[in-house]
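Have the viewer open and follow along.

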Amino acid sequence: MRALALVMTVAVGSCLLTGTPAAGQPPHEGRDKPRASQPYLVGRGVADATGEIAEVGMMGYGRIDQQAAGLHNRLRSRAFVVADPETSQRVLMVVVDAGMIFDSVRQEVLRRLQERYGDTYNESNVMITATHTHSGPGGHSHHLLYNITTLGFHEKTFGAMTDGIVESVDRAHADLAPASLTLTHDELTTASANRSREAFDRNPDEDKKHFPDAIDPQTSLLRIERDGEPVGAINWFANHATNMSGDNRLISADNKGYAAYRWERERGGGDYRGGANPPFVAAFAQTNAGDISPNVDLTPPSTPEDFDRTVANGTQQYEAAAAQLNSPGTPLAGGVDSRIVYVDMSDVEVRPEFTGDGRTHRTCKPAVGAAMAAGSLEDGPAFPGFDEGNNPFWDTVSHSVLYKASPKLKACQAPKGVFAPIGAMNRIYPWVQEKFPVQLVRIGDLYLIGVPGEATITSGLRLRRTVAEAVGADLSNVLVAGYSNAYFHYLATPEEYDAQHYEGGSTLFGRWQLPAMQQTVHGLATAMRDGAEVPIGDKPADLSGRQLRLQPGVVLDTPPLGRSFGDVLDPPAESYAAGDEAQATFAGAHPSNDLHRGGTYLEVQRWNGRAWETVADDGDWSTKLEWKRHGVSSSRVTIRWRTPEDAEGTYRIRYRGNAKNALGRVTPITGATQGFTVR
């Protein structure tokens, strides 16, 4: 593992003691802030979690043609430990730039944390969430449905992701120090739109009145302060990370990743490759974003215009969060607590007090609806020939074949037109998970509901109300932590389910799945309120030994005929104006030979009069690496750098790769351009 964050902690502490704001933080205008009470121990950690960047299916849009061909910016894992020094109770929250958190990842992370820390971090107090970028590599699930577009399981991506999560936790654990926590809320109304308004409008008026614009505008910030100065924050805001389009082929953290980068790197001056945390650690987490799109015109973006859309949307999320740094908010006090239970979502008896119709109902075996196959038309359609709403052909197939074979499936899944009865398919091979963790975490007055999937805003509202009423909390302080710990697709209200838009077609376990979740979180909330334990339930099996791997690995790298590895095939221009894009193409090698986790495939360097100093790498938003196979075994690597508006001087582009020879030996290769000027 990489070096821990002790040096940076000392440096930041020295800065705070002198009264100077931590790097990247605005001065506290108009007030002399006294030393705050510090009732918690809090640790922060950031680590690289980037997997393969070439010849791996990307996770999110479900398109088999969306194979990665380069890197826009690195994916990060951000971990936060909050401990009560009086009781020694603690919780660990991890936010990962990834499409989903699968049970495969959670199992491996928990196993490795137990090896390191014993029972300090366990099933109950560890919450791992995803930002839901649709431009990350896939292949890290142990269930087949999610590995189809990636041609099976990808060990290297799985390893990079779990290594990054564990490393971020190691850094957060080592970073524990006295701190205060403040919870603030504001509204952001211009960064999102409801992509399933027709389904939303089926909900009762009491729900719709809570969201007059059919979006969830609440942006919540958990501010971490040491000696009265902010050193970190977690933001929750409901918005899909789908500004980057399905036509994009570069690994990217999308809008939430940009928001974090903007705060940590551009504003805070952090260096991700410095072996320690940035001075300020910022995570942008998801809530109930199921029916919410960042494409406010409800039109799927195209590429390369989607890069600008991503920056614009991420900037809005960043600015809304950063504006809350000076808000008085609610200082958190009291203990920390957590509960978790595993639920067989395919077989839950839901009591009348949660069904809403005075009768008992059951969930059922999972089934994919035809509307799910259509994809979300506002963010990027999936398979042609399918639509949201009615699909006459598949409706006919469902009623004439599947439902006749299983009247029970019909009763539970109606009015869904079943495209794939994956519950039955699970008997042959594990296609989707059926037993899921449902979690509740408390930090003072803040309650986080760990939902293993994508709740619509109204589903989230009902879950939040259920918990708030049970524990006596303010509704605004109860948040859905979506995409947590596992993935069961969507969670629509029964009314939205009846519309069979994408979200309803993707609610796998039938019309009563949300009431089943309400019943479950009510049990967790009452147990937490009463100080009672909750039986953990029947955990899912470890499927690591049953994985299919169909993607061939790298066999051999060779340079183009007559050239050597690292040669500059297409040099940059001699000079550029500031703001222009400089680029160069190298004789490279396959990026999967070495993922350079914690490192970089490229460097942009400036001549300072004595030596070349690095000013940007592949973790920066200004760079892009594009990989392309040339012939059978050669690679062309093009590196692009958008020069800053204030750039001036002599620069060069440096490439770092690794080549595999015929014997399977992998060796480093490098190349650099001649210097070019930027004016």
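Over the ring of which residue does the charged end of Arg 511 sit? That would be Trp 512, with the charged end of Arg 511 at 5.0 Å from the ring centre.

## Ground rules

This is a predicted model, where local features need pLDDT of at least 70 and side-chain atom pairs count only at pLDDT 80 or more, while totals for chains, interfaces and linings use all residues. Residues are numbered from 1 along each chain as its sequence is written, and side-chain values use heavy atoms, with hydrogens and water left out.

## Charges over rings

Another case is Arg 76, which lies over the face of Tyr 272 at 3.9 Å from the ring centre.

## Aromatic pairs

Searching the whole structure turns up 18 aromatic pairs. Rings of Phe, Tyr and Trp (its six-membered ring) pair if their centres lie within 6.5 Å; planes under 30 degrees apart count as stacked, over 60 as edge-to-face and the rest as tilted. Trp 641 and Tyr 651 have ring centres 5.1 Å apart and planes at 45°, so this pair is tilted. Trp 641 is in strand S33 (residues 634-642) and Tyr 651 is in strand S34 (residues 649-660), so the pair ties together parts that are 10 residues apart in sequence. Strands (E, at least two residues) and helices (H or I, at least four) are DSSP runs, numbered from the N terminus.

Trp 641 is buried at 2% relative accessible area, and Tyr 651 is buried too, at 5%. The cut-offs are under 20% relative accessible area for buried, over 50% for exposed, and partly exposed in between (1.4 Å probe, protein chains only). Elsewhere, ring pairs link Trp 263, Phe 280, Phe 284 and Tyr 318 into a cluster.

## Salt bridges

How many salt bridges does the structure hold? The count is 45, using a side-chain nitrogen of Lys or Arg within 4 Å of a carboxyl oxygen of Asp or Glu as the test. Asp 618 and Arg 74 form one of them, with their closest N and O atoms 2.8 Å apart. That pair links distant parts of the chain, 544 residues apart: Asp 618 is in the loop between strands S31 (612-617) and S32 (623-630), and Arg 74 is in the loop between strands S3 (67-71) and S4 (76-83). Asp 618 is buried at 1% relative accessibility, and Arg 74 is buried at 3%.

Salt bridges that share partners also join Arg 63, Asp 65, Asp 247 and Arg 249 into one network.

Asp 163 pairs with Arg 112, the closest N and O atoms being 2.8 Å apart; Arg 112 belongs to helix H2 (residues 103-117), 51 residues away from Asp 163 in H3. Arg 112 is buried at 11%, whereas Asp 163 is partly exposed at 26%. Glu 167 meets Arg 597 at 2.8 Å, N to O. Glu 167 is in H3 and Arg 597 is in the loop between strands S29 (581-588) and S30 (602-607), 430 residues apart, and both residues are buried.

## Helix H16

H16 has 18 residues and reaches 26 Å from its first C-alpha to its last, close to the 26 Å expected. With 14 of its 18 residues buried, H16 is largely enclosed by the rest of the structure, so look for it inside. Pro 515 lies in H16 and is buried at 1% relative accessibility. Its C-alpha is separated by 6.7 Å from that of Val 350, 165 residues apart along the chain. After H16 comes Gly 531, with a positive phi near 70°.

## A nonpolar surface patch

Ile 64, Leu 151, Leu 548 and Leu 550 form a nonpolar patch on the surface, with about 370 Å² of accessible area together. Patches are made of residues with over 30% relative accessible area and no salt bridge, joining like charges within 9 Å and nonpolar side chains (Val, Leu, Ile, Met, Phe, Trp, Tyr) within 5 Å. Areas come from the Shrake-Rupley method with a 1.4 Å probe; for residues, only the protein chains shown count as cover. Leu 550 lies in the loop between helix H16 (513-530) and strand S27 (568-570), and at 61% relative accessibility it is exposed.

Methods:
A charge sits over a ring if NZ of Lys or CZ of Arg is within 6 Å of the ring centre and within 35 degrees of the ring normal. The expected span of a helix is 1.5 Å times one less than its number of residues.
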